[in-house]
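Reader: Could you take me through this structure with a few questions and careful answers?

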Amino acid sequence: AARYGMFIHWGAYSVAGRGEWIMNRELIPHDEYRKRYAENFRAEKYDPADWAAKAKRWGMGYTVLTARHHDGFALWNSKFNSFNAVRLGPQRDLVAEYVRAVREAGLKVGLYYSPANWSHPDYPGAYFRDWPGGSDIRDKEQHRGNDWRDRHARRRFIDYYRTELEELLTGYGRIDYLWFDGCIPRDLDGDDTIAMIREWQPDMLINNRLGDPFDVRVSEQR
């Protein structure tokens, strides 16, 4: 079993070098975040083959790359999310390069994916100081504790994130491990999404953050 692996947090936020939560924590508007970080994210030293070689040498069996974090910037050529690394910054499909390099090294391929997307117009509370439904600075009066603007916004958002997952899980061959994060608000119809994912990648391991059934329990910060 590939019990030891490399987890790689890397994206537009890496330009700032202050952590992947800066858009939220520093209340950076999307347009400013795009210009300052996404457009300046060049990936000029990106060498996934070197990452994979090091992981192999260090005795690891798999790697996980942040295909998309909560900021909404996708590292692949998404047809449904124009805020991505092919249209901006590197102008390359970084997920494709990563998957190929890891697979060629004989390692298992893992991807991190966050349904949460602070840049999507239907996502509630991009600047909440906690997750939607928690305390916030800007949007408390607008939402008054309700996660979604309305049921249509919720439905659109669920359809959107599922489409991104379909791109990732049907366009890059076998994926061995999918690591969910940012599965907030909770009413993302996670169990139904898991059933869809099992159709696309029946042998893939999934962590416990989106829904059931899952294969791996995450114990972050506890």
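The buried residues of α2 pack against α1 (22-25), where packing rests on contact, that is, heavy atoms within 4.5 Å. This is a predicted model, in which local features need pLDDT of at least 70 and side-chain atom pairs count only at pLDDT 80 or more, while totals for chains, interfaces and linings use all residues. Residues are numbered from 1 along each chain as its sequence is written, and side-chain values use heavy atoms, with hydrogens and water left out.

Reader: Which residues of helix α2 are buried?

Author: Helices are DSSP runs (H or I, at least four residues), numbered from the N terminus, and α2 covers residues 30-38. Buried means under 20% relative accessible area and exposed over 50%, with partly exposed in between (1.4 Å probe, protein chains only). By that rule the buried residues of α2 are Y33, Y37 and A38. They cover an arc of only 75° around the axis, taken from the directions from the helix axis to the C-beta atoms, so they lie on the same side of α2.

Reader: Which exposed residues does the face of α2 turned away from its buried side carry?

Author: The buried side of α2 holds Y33, Y37 and A38. On the face turned away from that side, the exposed residues are D31 and K35.

Reader: How many residues of the lining of the largest pocket are charged?

Author: Asp, Glu, Lys and Arg count as charged, Ala, Val, Leu, Ile, Met, Phe, Trp, Tyr, Cys and Pro as nonpolar, and the others, Gly among them, as polar. The lining of the largest pocket has eight nonpolar and six polar residues, and its charged residues number six.

Terms used:
Helix = DSSP H or I, 4+ residues; strand = E, 2+ residues; numbered from the N terminus.
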